[in-house]
Amino acid sequence: MHRKPAAIAAAAAFAAATALSSTAALAQEPVKIGMVTTLSTGAGYLGDHVRKGFELALEQSGAADRVELLVEDDGLDPAQASQLTQRMVERDGVKLMTGSIFSNVAMATIPKLVRNNDVVYVSPNAGPAPLAGKGCHPKYFNVAWQNDNLAEVMGQYATDQGYERVYLLAPQYQAGKDSLAGFKRFFKGEVVDEVYTKLGQTDYAPEIAELRDAAPDAVYFFYPGGMGINFMKQFAQAGLADKIPALGPAFSFDDTLLDAVGDAAIGFYNGSQWSPDLDNEPNRKFVAAYIAKYDEYPTLYSSQGYDAGNLIVSALTETGWSTDDTDALAAAIKKAEFDSVRGDFRFGNNNHPIQDLYVREVYKDETGNITNRMVAEVFEDHQDAYAAECEM
């Protein structure tokens, strides 16, 4: 049967319109982002802060309607996290993931995701040494730091302060080992003792008794979340807060932890890549917006969630809001074309940040809030010690 030219043109126009309509419908489908993070246990507020910062970034950028954020609680359980992330990949078709808080969870999930699945992963927190060195991967990024970095700041600070004997404590897992390794890398004095405790431990009385007997010039400890709250409270109750200077990385001195500990934490120092008083426009905007939205001060974790959100939005904007081509997505993330709350930001060869690092002091501000303020810049454009082992 032969159609008339007009009929053929009409049919072609209808087919083209149908195709355009289908394309538009597909374009309107939100991008799925998987966030498996720690929302329960004594460390649950850490993942909650990352999520809050991430969601604020989506809201401010106008991307909230273009993203379907799938959130699950890993319960600080590596096996549970592994099951949840794999389910998101297989059932939900997720190709872009984030959320990892603890390094033992990160090590159980991230290598499998990026090596065995077509997934791009952006860590908003955990930065274990194996993933920064020989285990680096083109589709794994850390937008926060490599675990050792904030400890390295305090190792240098302790040396600069003339501390000759320092006592070290951390939980027995990858991030704890990384933290103490980072401190020792830049500390030139004597390590009196290096004590590893159980992950999730709540009673530190035996360790604090040994610490008191050792009488060091200072103590360096890495205890995030509930572990830090318990350790610092017991440290103060033992009468040591006024006798032994306490040092640590910023994640042992977040605002939630400081609120729980109270005045006993005032005067302690910690290493960080961010501070609420860091003087740049993106950070001022972030702090004000976070307080307005959540009626609380942002923490290190919420700042990292915010940066992770803005980094991902910048990459999705370049890929046309598609995660289909994960090579293109990873290349767009690598460019790091977003306004970080830290100011200058770029990725090194191993997809971990090269950034400035600071010392912060715990103090009480004019409103009576116990928080952190910048004291000094210790490292400029600092790169982690494992980048040389990465073959990318």
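How much space lies in the largest cavity? About 90 Å³. The model is predicted: local features need pLDDT of at least 70, side-chain atom pairs count only at pLDDT 80 or more, and totals for chains, interfaces and linings use all residues. Residues are numbered from 1 along each chain as its sequence is written, and side-chain values use heavy atoms, with hydrogens and water left out.

Start with the domains. The chain is divided into domain 1 (28–145 + 278–347) and domain 2 (149–272 + 358–382); such bounds come from an automatic or database domain assignment. Taken over C-alpha atoms, the centres of domain 1 and domain 2 are separated by 27 Å. Domain 1 brings 21 residues to the contact and domain 2 brings 25 residues, where contact means heavy atoms within 4.5 Å.

Now the cavities. A cavity is a set of points, on a 1 Å grid over the protein atoms alone, where a 1.4 Å probe fits but cannot get out; lining residues have an atom within 4 Å of a point. Grid points are joined across faces, edges and corners, and a volume is the space filled by probe spheres set on the points. The whole structure holds two cavities of 30 Å³ or more.

The largest cavity has 14 lining residues. Ile101, Asn125, Trp145, Tyr173 and Phe222 lie nearest its centre. Domain 1 and domain 2 both give residues to this lining, so the largest cavity lies between them. Its lining has 11 nonpolar residues, three polar and no charged. Here Ala, Val, Leu, Ile, Met, Phe, Trp, Tyr, Cys and Pro count as nonpolar, Asp, Glu, Lys and Arg as charged, and the others, Gly among them, as polar.

The second largest cavity has a volume of about 40 Å³. Val36, Ala81, Thr85, Ser100, Val105, Thr109 and Tyr121 line it. Two or more of these residues come from each of α3 (78–92) and α4 (103–116). Helices (H or I, at least four residues) and strands (E, at least two) are DSSP runs, numbered from the N terminus. This lining has four nonpolar residues, three polar and no charged.

Last, the disulfide. The count is one, for pairs of cysteine sulfur atoms within 2.5 Å. Cysteine 136 and cysteine 390 form it, with sulfur atoms 2.1 Å apart. Cysteine 136 lies in the loop between α5 (129–132) and β5 (140–142), and cysteine 390 in the segment after β13 (370–382), so the pair ties together parts that are 254 residues apart in sequence. The torsion about the S-S bond is about 90°, so the disulfide is right-handed. Cysteine 136 counts as buried at 11% relative accessibility, and cysteine 390 counts as buried at 7%. Buried means under 20% relative accessible area (1.4 Å probe, protein chains only).

Definitions and conventions:
On a 1 Å grid over the protein atoms alone, a cavity is a set of points where a 1.4 Å probe fits but cannot get out, and a pocket is an open set with protein on both sides within 12 Å along at least five of seven lines; lining residues have an atom within 4 Å of a point. Buried means under 20% relative accessible area, exposed over 50%, partly exposed in between (1.4 Å probe, protein chains only).
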